[in-house]
Amino acid sequence: VIVITGASSGVGRAMAVELATGMAHLVLAARRTRPLEELAAECEELGATVAIVPTDVREADSMINLAQAAWKSGGAIDVWINNAGVLAAGSFSEIPEEVNENVIRTNLLGYMHGAHAVLPFFRQQGYGTLINNISIGGWFPTPYAAAYTATKFGIRGFSESLKAELIPYKDIHVCDLYPGFLDTPGIQHAANFTGKVIKPAPPVYDPRKVARAVASLVHAPAPRKMIGGAVPFLKVAYQLFPTLTRNTTARFIRTYLKQADTIDPTSGNVLDTVDYGTGIDGGWRNLPVKPVLRTAFWMMAGLAIGILAVRESR
């Protein structure tokens, strides 16, 4: 019995499809009902049994209802995947506080609400696996996405603290995923107050890589798993040279925004749902990459490789 929040699109949808082939009982949650219904039909064709529970992760009561519904429909909760997330891009002072607040309520409090709702069931049955999909943003700050960065750093700290509390429960596991930038509709859904079209920085990974990692954690839980070759490099670069990597990232983002096409500000799906972007893929892997984005990545990767080489030589 596997619960997935944020299942209506992107990596959450990829997780559901991947896990459906293992004959799981899936409990799919998101704010949008129609995409959940379409996904449920697809997963049932693959062999899963499915329950859908429209859920707003920002509301603690909604998450409690999700946990109770999962328990009633499946008779247990084996795995709970915290995955729902939103993004707001722009200068911190130009993003409305209501938008920043809802990024925090969704990304950070949503994960906390999920853990708080499911842990009593885990303790009652004596086992369970909580999987938090965090992203490289948990280790590497993203300028012009301050609230998003705050949530990702916050989730990482929350999860590490929770792991320590749960040491007495040897069969209750907390697993953290740290994927790189993913090719999902998430950027199209994002709140955008930069005034410019935004794109994920390369390399952009297939969200199905994350889904396969989740499937492996279901069978063999691990405290943390990084997904994508760039992730370890970015993590090490920031840990050893935080000011340099942070400022270099900000400089390249500013350069990109000067070159990008103009767009009207939008709150995206942060405050309310949108009626587009219900697939797994966002289409970013098929688009040409601006030279400034490619240069930014390879400079970061080169820096990280150089740091690792120096460390090994010592």
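Analyst: Buried means under 20% relative accessible area, exposed means over 50%, and partly exposed is in between (1.4 Å probe, protein chains only). This is a predicted model, where local features need pLDDT of at least 70 and side-chain atom pairs count only at pLDDT 80 or more, while totals for chains, interfaces and linings use all residues. Residues are numbered from 1 along each chain as its sequence is written, and side-chain values use heavy atoms, with hydrogens and water left out.

User: What makes Pro 223 count as partly exposed?

Analyst: Its relative accessibility is 44%, so Pro 223 falls between the 20% and 50% cut-offs and gets that label. You'll find Pro 223 in the loop between helix 7 and strand 9 (224-227); helices (H or I, at least four residues) and strands (E, at least two) are DSSP runs, numbered from the N terminus.

User: Which residues does Pro 223 contact, leaving aside its neighbours within four places in sequence?

Analyst: Those are Lys 163, Val 174, Cys 175 and Asp 176, where contact means heavy atoms within 4.5 Å. Pro 223 and Lys 163 are 60 residues apart in sequence, yet their C-alpha atoms sit 8.4 Å apart in space.

User: Why is Ile 104 called partly exposed?

Analyst: Same test: its relative accessible area is 32%, so Ile 104 lands between 20% and 50%. Ile 104 belongs to helix 4 (residues 97-125).

User: How do you know that Lys 196 has no salt bridge?

Analyst: A salt bridge needs a side-chain nitrogen of Lys or Arg within 4 Å of a carboxyl oxygen of Asp or Glu. For Lys 196, which is buried, the nearest side chain of opposite charge (Lys and Arg count as positive, Asp and Glu as negative; His and the chain ends are not counted) is Asp 261, 8.0 Å away. That is outside 4 Å, so no bridge is counted. Lys 196 still touches Asp 261, along with others including Leu 257 and Ile 263.

User: What makes helix 1 mostly covered?

Analyst: Of its 11 residues, 10 are buried, among them Gly 10, Arg 13 and Met 15.

User: Which residues touch the most other members of the largest nonpolar core?

Analyst: Out of its 36 residues, they are Ile 4, Met 15, Leu 26, Leu 28, Ile 81 and Leu 177. Helix 1 gives the most to this core, with 7 residues. A nonpolar core is a set of buried Ala, Val, Leu, Ile, Met, Phe, Trp, Tyr and Cys residues joined through side-chain atoms within 4.5 Å. There's also a second, separate core of 25 residues, including Trp 80 and Leu 166.
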